[in-house]
Amino acid sequence: MQPELQNCRVVIVNKHIYEGEMLQQIVLQLGVPLDRITLYRKLHRQYVRTINSCDLLILEYSLYRYSQNSNRPFFTLPDNAALLFISADTHDQQVMELLSRDESDCVGYFWHEYEATGRIKQLLIGHILKKSLQGEVEQKTKQLADTLEELTLRLAEAIEGRDLGTGRHAKRISRYAEALGRAYVAQPNPQDREALSLENLPALRRAALLHDIGKLAIADSILKKRGRLTDSEKAIMNSHTTRGANILKGSELADLQAAFQVALTHHEKWDSSGYPQGLQAEGIPLMGRIVAIADVFDALTKRRRYQTNPPIEPRQMILDMRNSKQWSGHFDPYLLDLFAKIEEEVLALFNRGRRHETNSP
Ligand SMILES: [Fe+2]
Ligand SMILES: [Fe+2]
């Protein structure tokens, strides 16, 4: 008995009762429990779900061809199962094509027990190994992603620990930036399809978390100064963009390249009056334009310790960003419209953040 086959599910579809039962017996002898072997005499749409969740499908080829040639074919071969066809002509062109897929094999109508046993065993063991490898890869990939997420969060907390902010600014703007990024990706014709996709939304979120990483290199005397900054102090403060970019530059990792861009460009303005490079309009990378909106929205809707003005009500802030002279020329108008369109989501995130901050120590 092969203990590793105990958890396999096998479906046999064969119109000949005797042959079906012989195959069932073979699978049983290989160690698959009887209650995990399903025997059908024909292909029926009701069986599709069971077939799609099996590890090995042993299928009489003529039944498959019959279902494919019907007026309303309802059956497609399962993506994640090994396949053993039983065919009168193992050299049939269509059978040969089906055999080109992974994890598939074929026996002729007059198969011998030893031959069928060998092929079924090989297919099942190969499938189990593949599944366990896939599981391991998925687990490691998730572990890596979780590690990256946690390291980024801790780094963001370290950055804010140096600042006089509320300590949660980066987390909040990463949520706003991700929401705006998702809305952008969902547009039928986003201006810059290359720059953002569903897959790199996590990279945008993490880049937003690190947008002020350059503040690690700014002296406390400036970073924590309560009064107005002198011009030279302001220049040093503004250099958190280039200092952040210096920390992140030169990486070949897409996440760090995104973080580099955002650290460098999140204070650029659409009309070129921003810093450090005075970039203009689409010359500012998309992620930088997104984080710029999230950054300002958060800075003015949340009271920070060094600010004396009361925070602005978030709905009003979205209106102001679009209409008031103060913000004219600051932001990408297309993104700003989009930000207004997802106002309800932004407000929900704002309120969620407020609840979370009230409940935490
Ligand atoms: Fe900044
Ligand atoms: Fe910021």
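These are my notebook entries on a predicted model of one protein.

**Conventions.** I number residues from 1 along each chain as written, and chains are lettered from A and ligands numbered from 1 in the order written. The model is predicted, so I take local features only at pLDDT of at least 70 and side-chain atom pairs only at pLDDT 80 or more, while totals for chains, interfaces and linings use all residues.

**Overall form.** I counted secondary structure first. The protein has 15 helices and five strands; these are DSSP runs numbered from the N terminus, helices being H or I with at least four residues and strands E with at least two. The C-alpha trace spans about 90 × 45 × 40 Å along its principal axes.

I then checked burial. Of the 361 residues, 31% count as buried. My cut-offs: buried means 20 or more other C-beta atoms within 10 Å of the residue's own, exposed means 12 or fewer, partly exposed lies in between, and C-beta atoms are placed from the backbone. Among contacts with a separation of 6 or more, 66% join residues 24 or more positions apart. A contact needs C-beta atoms, placed from the backbone, within 7 Å.

**Strand β1.** I looked at both faces. Val-10 and Ile-12 lie on one side, Val-11 and Val-13 on the other, and all are buried. β1 pairs with β2 in the parallel sense over four bridges. I count strands as paired if DSSP finds at least two bridges between them. Ile-12 stands opposite Leu-39 in β2. Ile-12 also stands opposite Ile-58 in β3.

**Helix α1.** I found that β1, α1 and β2 make a right-handed β-α-β unit. Right-handed means that, with the strands pointing away from the viewer, the path from the first strand over the helix to the second runs clockwise. α1 covers residues 17–29 and reaches 18 Å from first C-alpha to last, close to the 18 Å expected. The expected span is 1.5 Å times one less than the number of residues.

Which residues of α1 are buried? They are Leu-23, Ile-26 and Val-27. They cover an arc of only 95° around the axis, which puts them on the same side of α1. I take the arc from the directions from the helix axis to the C-beta atoms. Ile-17 and Tyr-18, on the other side, are exposed. The cover over the buried residues includes β1, β2, β3 and α5. Just after α1, Gly-31 takes a positive phi of about 110°.

**Strand β3.** I checked burial here too. Five of the five residues are buried, so β3 is largely enclosed by the rest of the structure. Leu-56, Ile-58 and Glu-60 point one way, Leu-57 and Leu-59 the other. β3 runs parallel to β1, joined by four bridges. Val-11 stands opposite Leu-57. On to β4 (residues 82–87): β3 pairs with β4 in the parallel sense over five bridges. The partner of Glu-60 there is Ile-86. The chain crosses from β3 through α3 (residues 61–69) to β4, and this crossover is right-handed.

**Val-291.** I placed this residue in α12 (residues 286–301). Val-291 is buried, with 28 other C-beta atoms within 10 Å. Beyond four places in sequence, the contacts of Val-291 are Ile-173, Ala-177, Ala-208, His-211, Val-262 and His-266. Leu-204 is 87 residues away in sequence and 8.6 Å away in space, C-alpha to C-alpha, from Val-291.

Technical notes
Two residues are in contact if their C-beta atoms, placed from the backbone, lie within 7 Å.
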